[in-house]
Amino acid sequence: MSAVANTIFSPELAARFDKLVTIYPVRRSALIPMLLYAQDEIGAVNDAVVSECALRVGISELEVRNVISYYSLLHTKPHGRFHVQVCTNISCMLRGGYEMLDHCKERLGIDNKETTADGLFSLEEVECIGACCWAPAVQVNYAFYDNLTPEKMDAVLESYKDGSYKKDGVK
Amino acid sequence: MADVSFTVDGKKLTAPAGTLLIEACRAAGIEIPAFCYYPGLSLQAACRMCVVRIEKMPKLQTACTTPVAEGMIVATETPEIAQARKSTIELLLGNHPLDCPVCDAGGECELQDMTFKYGAAESNYTEIKQHREEQQWSPVVFFDRPRCILCYRCIRMCGEGMDVWALGVQNRGVSSVIAPNGQDHLDCEECGMCIDACPVGALTSGTYRYKTRPWEMNHVATVCTHCGDGCTTTLGVRRSDDGSEIVRGDNRDKSGINGDFLCIKGRYAFDFANHEDRLSKPMIRENGRLKEVSWEVALDFAGKRLRTIRDAHGGKAIGVIGSNRTTNEENYLLQKFARTVLQTNNIDHHRTADYVSFVRALAGRSDRTASLRDTSTAPAILLLGNDPTEQHPALAWNIRSNVRLNKARLYVANSNPIKLTRQAKASIEIPQDGYAAFISYLAGDNNALTLPEAAADFRAALTKEENLLIVFGSEYRGRDIEALVKFGLSLPNAKFAALGDYVNSRGASDMGLLPDLLPGYVPVANAGQFATEYAGLPTEPGLDLVEMFDAAAAGNLGALYVVGSNPVARYGVHPDTLKNTFIVVQDMFLTETAAVADVVLPIANLYEKAGSVTNTYGDQQMVKKAGDRAGVRTDFELIVRLADRMGYNPQGLVPFGKGLRADSGQSRGAQSGEADRHAVWLTAHDVEPKVSPFNPFATLDEIARLVPGYGVSRLNLLAGNDVATKLPTAIPELATRKDLVFPSVDTLFTSGTLGRYSAKLNEVMESHEPAETAAD
Amino acid sequence: MPEVVSHPDEVKLLSKRFGMGATDIDRYMELGGYQSLRKAIENGPEWVINEMKASGLRGRGGAGFPTGMKWSFVPKQSDRSKYVLVNGDESEPGTCKDHMIFLHDPHSIIEGTIIAGLAIGSKMGFIYLRGEYRYLIQIMEKAIEQCYAKGILGKNIMGLGFDYDCISHTGAGAYEVGEESALMESLEGKRGVPRIKPPFPAVVGLYGGPTVINNAETIASVAPILEMGGAEYAKIGTERNGGTRLFGISGHVNKPGVYELPMGYNLKKMIYEVAGGIRGGKKLKAVVPGGSSCPVLKADEIDVGMDFDQMGKAGTMLGSAGVVVIDETVCMVEFALRTIKFYQHESCGWCIPCREGTDWLKKTLTRFHAGGGVAKDIDNIKYLAENMLGRTFCPLGDAAAMPTIGFIKKFRDEFEAHLDGRPCPYLHVKRPVGELVSV
């Protein structure tokens with residue numbers, strides 16, 4: 001039984017959150033991880049997530065929204081199932097980050113911040129993801145792909161289409 | 001803390017260690033500009049306007065976050081600093097709409113002032129400004145996003161100041177935006193403090209926006225007519241077709257007893273004055289229907305009938321009911337009129353606190369009454385009953401600020417879980433009928449009532465307090481107040497405040513709108529000086545309000561004179577019981593009481609006249625004439641005129657000099673307020689302003705001379721300060737007295753009968769009703 | 001998976017376990033791990049702080065404040081709990097060194113955290129990783145779990161009578177959180193807006209308690225320092241710049257990667273020898289030596305030692321030691337624009353000069369690069385940046401202003417080439433993607 005009745009989360013995630021709020025000196029510290037993990041499961045930090053997380057950490061929904069809107073990884077509207085994040089910051093730019101972005105746009109048939117009609121992919125130009133020495137780099141959900149070429153990128157996208165993508169513990 | 005010495009712009013200054021540089025400079029007359037800094041709210045260092053150069057520091061420093069230190073050398077206006085400020089303003093103006101000509105804040109805008117001062121007139125950008133539509137967040141709050149400079153004052157005012165936390169900041173960087181808690185609307189106490197705090201025109205008032213320009217108004221600081229706290233509200237007044245219209249209420253100069261604070265009623269609920277149902281012509285009943293007549297006819301009719309009834313049945317056949325919202329001078333005059341002209345002690349008002357028992361219990365310990373100001377400085381406060389957040393918003397503000405800024409200790413005992421328990425060091429829920437027993441418990445009787453375990457700690461901590469301020473609601477009356485005061489006096493230096501409901505509830509009681517007590521709680525049976533001043537004063541206590549209606553029902557009340565009160569609705573009086581009583585009502589509206597009257601006289605409200613009022617803490621303040629309405633007259637004038645029509649020489653009521661027709665002629669229209677200024681001038685020159693029978697200042701003199709406790713500094717009063725009145729000395733035990741306290745139980749959004757005529761309060765109440773109710 | 005590179009000039013202290021399976025605690029201990037912790041507990045806090053001071057280690061986050069001194073500022077007595085906070089919010093463009101540590105040697109972070117806790121009298125540490133590093137957080141979580149199972153964390157560590165707890169924590173995407181007080185706000189579940197200083201974290205930090213906050217690389221340096229002794233460590237590198245540094249070399253070099261080199265290593269040598277020179281035989285145009293916030297160096301300015309002081313003298317900064325190498329095919333206006341776009345995106349918005357300044361810089365540079373520039377724009381860009389510099393609430397404003405001023409100062413000619421509606425001279429350059437041309 002979760003500490004929150006009628007939780008919108010799976011029993012596993014609810015249990016994880018029950019514990020998460022207890023490990024910090026103050027409950028509120030659990031908020032950002034909680035929102036991120038909730039988003040991973042629900043697909044977005046929607047109104048229901050906001051309500052329940054507010055309840056869990058004991059703050060107002062306004063405060064939760066203030067926090068959500070600050071962090072780039074949190075989003076209130078769902079992305080595609082696989083969110084392709086292309087870094088175009090300086091190190092990646094020098095090694096073709098923008099060209100990679102264009103390539104992805106063309107392959108997926110969508111523009112920046114759009115989602116494919118089947119809901120499988122969404123595309124976003126992102127800031128530095130900390131893979132500068134292995135540029136150009138892309139993250140699909142949380143998985144890193146680096147030293148990319150258009151061919152490699154095609155293979156990556158293909159792996160998500162056919163389900164053979166690397167699933168090492170990340171979404 | 002010890003003082004430190006430092007130098008600012010070459011001036012040697014001293015200030016207590018720890019003082020913020022910006023405050024130390026302001027105290028010395030050196031103004032350092034700032035958008036985000038707001039005294040008493042948390043520090044932000046966000047606007048970077050207050051940057052100064054401090055020797056030995058590598059960068060410019062923010063004066064709002066830098067405490068003064070010994071030997072510090074500061075420059076506040078150098079080319080470098082001016083450039084820093086200028087570039088900050090340039091950045092703000094880059095996207096700030098230059099709609100100043102229509103912006104509400106135009107002329108009162110801190111960004112405008114700073115731009116003027118630092119001259120950021122060039123435009124370096126060709127990019128278009130980001131436009132966003134204005135949003136309405138509540139009936140009283142509008143948000144114009146592009147104008148917002150993100151100083152975060154509103155957020156802190158709402159959160160730290162009001163403990164409402166309805167505003168936040170969302171997004172980040174240049175997308176940052178102030179956001180309301182309801183996503184597209186505000187769910188809050190509608191106090192409008194966010195608007196007051198806003199340095200620009202980003203937050204605007206639902207009552208005022210786009211109505212006029214600040215310089216087209218006269219700004220009159222007077223006392224709010226609603227609750228018993230007596231806040232200063234600054235009314236913006238503009239000429240209109242039939243007088244001068246109040247278009248805005250705010251807390252512009254923050255010089256009042258309420259400091260920074262003003263609630264929804266003080267800010268927006270002036271609009272009853274402009275209500276379409278407002279009466280502006282006298283009416284008399286003819287053939288069962290009220291018919292508009294001239295003042296001449298109405299006064300003549302009323303005066304003659306009252307005189308006839310008095311002469312035929314004696315003063316005992318006449319009752320008088322006064323108001324909680326008329327001035328002290330009017331209340332004083334009304335009871336003097338009743339007692340000398342009508343020759344009756346049948347006078348009362350709607351009582352909302354048992355001030356009589358309070359005065360009796362304190363027995364002349366006038367050093368033990370608290371001013372409203374004390375509530376913001378007392379190191380410890382015990383709050384018994386009441387819900388100040390709803391009923392005394394300024395008190396609630398003071399308590400919150402005191403706890404936040406001075407770490408005051410608040411103790412709350414209440415039968416309801418009131419909001420102020422959030423600030424309490426200790427709070428305890430007591431049974432609704434347990435208020436009296438709770439005092440016995442505090443006084444040491446463990447068996448007085450069953451309380452939770454925490455009560456022992458509550459009592460232990462409380463009884464250790466050496467400077468306790470005890471604030472109690474109308475839950476305490478009669479003997480309970482005596483017990484409470486007795487307990488309080490057992491603690492060193494304890495002070496007291498009794499909470500009553502309306503702007504002049506205390507004044508009505510102090511001025512003797514009571515059947516058994518004269519002004520200053522002097523018993524009618526032992527009238528002292530009044531016996532000689534008041535010719536023919538009856539010495540038997542009269543009928544109280546309830547007894548008057550009983551007498552009317554029994555056919556024994558020939559006449560009833562009601563001034564600014566609505567007892568028929570408040571006390572549920574059946575109109576049939578009044579059919580044999582001649583009723584004269586002075587009111588702004590055709591209330592339930594006015595509707596059964598034989599004569600209805602339209603009157604000016606508290607914002608349309610001068611005089612003084614006394615808040616529930618005993619602080620006396622002057623009210624000033626702000627608005628005006630063609631056709632209406634003040635209660636003061638009408639009482640004098642009625643006396644005149646009854647054949648009484650008004651000089652016996654009001655000590656004036658130049659004769660009945662000698663209206664000073666300066667109390668209306670564009671010259672409104674002139675009489676007040678004239679009075680100030682006269683006083684400053686040691687001359688008593690007795691210029692007209694309708695000038696209440698003559699009565700103010702008489703009050704100061706005759707009413708115990710009201711002999712206060714007149715100059716101070718006229719200068720606009722609040723002056724603490726003193727309690728009279730011991731008053732004798734009064735035999736089988738009924739307290740007759742009938743609390744109004746107003747909320748933040750109601751204000752007795754008057755509140756019903758505020759469109760804004762009604763709109764706010766509607767917006768706060770849950771949407772589902774329709775389906776029920 | 002990020003490649004482990006190597007070069008003979010490397011001095012492997014932090015990177016010695018890279019690629020050796022040290023994410024597993026047994027392997028880590030086999031390779032000498034947690035010996036410094038044992039030594040530290042046995043010798044006590046004072047010894048640790050003295051060793052740290054002797055090492056001369058300066059914070060690897062970018063500011064270069066001496067770590068031992070930072071630790072010694074924490075009051076010995078405190079009513080509030082003290083905390084150690086590891087800043088793994090690595091977000092400075094051009095920087096991926098902590099990525100490598102978390103990936104290959106997470107236990108070195110835990111070990112350093114516990115030692116720092118011992119030194120300042122804290123009982124709890126937090127390791128904050130940026131949200132994008134989810135897979136590294138999972139590695140970290142597992143490493144912490146192993147520590148509890150092995151008695152390295154928890155009660156009575158290694159039976160030596162010292163208790164310590166450690167939590168790893170995820171961010172959710174915000175560069176600004178890398179600022180130490182913003183990171184504390186974030187860890188407390190709030191918006192990552194910096195706090196007013198003073199008070200400094202050592203006095204009032206996380207949850208109001210005295211807090212030591214160090215960059216992940218700094219913390220990872222702790223165990224090696226205690227292992228070899230502070231004085232020995234100080235001998236590596238240059239004067240007042242002791243030890244090694246993880247240099248992340250990215251951009252147009254043949255062998256980009258994270259290399260551990262002694263402090264003060266010559267930049268030119270780093271580019272041409274360690275990183276294999278400019279790819280495709282192109283000419284070097286410029287180098288951003290320490291992450292995107294550091295003013296750019298021109299090709300003829302790179303014969304300089306990479307330490308805090310020499311970089312300062314060269315008019316730039318060592319920063320986070322992320323060396324971004326730019327060849328002749330790059331338009332510096334575009335590079336400046338991309339840099340400022342980042343800071344505009346990441347400005348927290350708290351203070352006016354940074355919030356509005358970065359936005360106007362971005363707007364102006366965008367128009368400028370697209371051919372809509374007028375002559376006064378160049379001076380206005382400089383004016384904007386100069387008026388942000390030193391006037392913002394936190395260093396992010398400086399981080400945006402400094403490189404911008406540098407680009408204008410050093411490549412004014414390239415800006416001028418964009419004037420009068422002329423298209424960007426580099427428009428025709430289609431950048432090849434990735435390793436296609438890295439031969």
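This report describes chain A of a predicted model, its contact with chain C, and the residue L62(A).

**Chain A as a whole**

Chain A contains seven helices and four strands. Read from the N terminus, its elements follow the order α-α-α-α-β-α-α-β-β-β-α. Along the principal axes, the C-alpha atoms of chain A fill a box of roughly 50 × 30 × 25 Å. The chain has 171 residues, and 48% of them are buried. Among the contacts in chain A with a separation of 6 or more, 56% are between residues 24 or more positions apart.

**The contact between chains A and C**

Chain A brings 48 residues to this contact, and chain C brings 57 residues. On the side of chain A that touches chain C, each of the helices in the table supplies at least two residues.

| Helix of chain A | Residues |
|---|---|
| Helix 2 | 31–42 |
| Helix 4 | 61–68 |
| Helix 5 | 90–94 |
| Helix 6 | 97–108 |

Helix 2 of chain A gives the most to this side, with five residues. Sorted by class, the side of chain A that touches chain C has 31 nonpolar, eleven polar and six charged residues.

**The residue L62(A)**

L62(A) lies in helix 4 of chain A. Why does L62(A) count as buried? L62(A) counts as buried because 22 C-beta neighbours lie inside 10 Å, and the cut-off for a buried residue is 20 or more. Leaving aside neighbours within four places in sequence, L62(A) is in contact with G168(B) and N181(B). H103(A) is 41 residues from L62(A) along the chain, and the C-alpha atoms of these two residues are separated by 39 Å.

Notes
Residues numbered from 1 in each chain as written. Chains lettered and ligands numbered in written order. Predicted model: local features only at pLDDT ≥ 70, side-chain atom pairs only at ≥ 80, totals over all residues. Contact = placed C-beta atoms within 7 Å. Nonpolar A, V, L, I, M, F, W, Y, C, P; charged D, E, K, R; others polar. Buried ≥ 20, exposed ≤ 12 C-beta atoms within 10 Å, placed from the backbone.
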